[in-house]
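Dear colleague,

Please find below the structure that I am handing over to you. My findings follow it.

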Amino acid sequence: MRMKRAESDSWERGLRMYRDNTKVIQIGNKKIGGGNPILIQSMTNTKTEDVEATVAQILALEAAGCEIIRCAVPTMEAAKALAEIKKQIHIPLVADIHFDYKLALAAMEYGADKIRISPGNIGSIERIKAVVDMAKEKNIPIRVGVNSGSLEKELVAKYNGVTAEGIVESALDKVRIIEELGYDNLVISIKSSDVMMCAKAHELIAKETDYPLHVGITESGTLYSGNIKSSVGLGIILYQGIGDTIRVSLTGDPVEEIKSAKLILKTLGIRKGGIEVVSCPTCGRTKIDLIGLANQVETMVQDFDLDIKVAVMGCVVNGPGEAKEADIGIAGGIGEGLLIKKGEIVKKLPESELLNCLREELSNWNQ
Ligand code: SF4
């Protein structure tokens with residue numbers, strides 16, 4: 001049953017609660033926080049020093065819908081490469097720095113739109129101050145990152161292990177250090193590969209700070225487990241109105257991260273647009289290669305910028321009825337299939353023509 005409009009509106013308002021009230025932070029040509037749309041991030045897995053490969057990957061990610069990109073900066077050569085990379089891409093570039101404050105300084109010098117540091121591994125307060133001073137001078141936001149895997153020993157002892165409370169305390173301590181140096185152009189990220197601990201940590205920190213939060217489940221695994229863990233974790237966190245930018249971390253092609261992130265946002269009703277494909281699970285009535293067809297349809301619809309629902313159903317017995325809520329769909333028969341619009345059968349076609357017919361219909365879509 002469809003939700004009544006009033007219920008749907010209040011539910012959507014609930015989804016926006018925390019993120020409506022976070023501080024607005026400008027990252028290159030994009031704004032995050034303060035109710036701005038949740039932006040999708042990813043991270044390159046090329047060598048940043050290899051400008052050509054890194055730019056090619058970023059352009060592919062942009063085409064998929066990536067809105068902020070982060071590159072590892074482990075060497076001075078990588079920091080210098082940022083200048084050339086930036087000229088060839090169109091989305092904000094974030095430099096990911098660990099340990100060496102000089103790399104953070106160089107990354108900002110060479111044009112990073114934001115830097116991600118973990119103050120805990122940058123070293124002395126003088127070094128952190130040098131980074132903060134340059135960020136302040138150039139008005140470059142700093143993302144303060146804390147990972148459960150590197151929680152300070154004192155906090156592990158205080159909370160009897162690695163806990164959500166410990167992660168939050170660690171993150172807020174780091175933020176305080178930077179605030180005391182006179183800078184508040186900050187974004188916070190707290191990460192844990194333990195999904196429920198990560199969700200709890202976000203619930204806690206959202207009540208404590210109004211800095212925008214970058215949300216992701218870290219080290220979540222391969223395409224299969226990473227997608228499931230990220231969907232559950234991000235679903236819980238975003239549903240509570242928490243999170244201003246997201247990343248789905250997958251051990252795989254980063255383009256897959258973008259596809260998953262977009263689907264998570266759409267599934268939660270936070271982002272609209274794009275074709276949604278619904279397909280039946282198949283059963284003993286299925287007489288066509290529905291699994292193959294559904295996969296082909298899912299790939300094919302990515303070429304279209306339409307906000308509609310497409311159904312791919314396995315049989316003519318239940319298919320048309322089950323596809324009623326879709327704008328257009330196909331239902332399989334024996335070596336053939338039906339084209340259905342809003343639950344009405346409009347055409348019968350051989351199985352081999354179903355995909356092309358659907359593509360043709362979408363090309364001429366004007367409703
Ligand atoms: Fe089975 Fe038909 Fe339902 Fe698909 S639509 S699950 S083939 S009954």
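In this predicted model, lysine 136 counts as partly exposed because its relative accessibility is 37%, a value that falls between the limits of under 20% for buried and over 50% for exposed. Lysine 136 belongs to helix α5, which covers residues 125–138. Leaving aside residues up to four places away in sequence, lysine 136 touches Leu181, Gly182 and Tyr183.

Helix α9 is formed by residues 223–239 and helix α10 by residues 254–267; their axes come within 10 Å and cross at roughly 35 degrees. The crossing of α9 and α10 is right-handed. On the α9 side, the contact is made by Leu223, Asn227, Ser230, Ser231, Leu234 and Leu238, and on the α10 side by Glu256, Ser260, Ile264 and Leu265. By class, the residues of this contact comprise five nonpolar, four polar and one charged.

Finally, which residues surround the ligand? They are Cys280, Pro281, Thr282, Cys283, Arg285, Thr286, Gly314, Cys315, Asn318, Gly319 and Glu322. This shell around the ligand has four nonpolar residues, five polar residues and two charged residues.

With kind regards

Notes:
Residues are numbered from 1 along each chain as its sequence is written. This is a predicted model: local features need pLDDT of at least 70, side-chain atom pairs count only at pLDDT 80 or more; totals for chains, interfaces and linings use all residues. Side-chain values use heavy atoms; hydrogens and water are left out. Axes are lines fitted to C-alpha atoms, for helices over the stretch in contact, and angles run from 0 to 180 degrees between N-to-C directions. Helices (H or I, at least four residues) and strands (E, at least two) are DSSP runs, numbered from the N terminus. A crossing is left-handed if the near helix is turned anticlockwise from the far one by less than a right angle, and right-handed if clockwise. Contact means heavy atoms within 4.5 Å. Ala, Val, Leu, Ile, Met, Phe, Trp, Tyr, Cys and Pro count as nonpolar, Asp, Glu, Lys and Arg as charged, and the others, Gly among them, as polar. A residue is near a molecule or strand if one of its heavy atoms lies within 4 Å of it. Buried means under 20% relative accessible area, exposed over 50%, partly exposed in between (1.4 Å probe, protein chains only).
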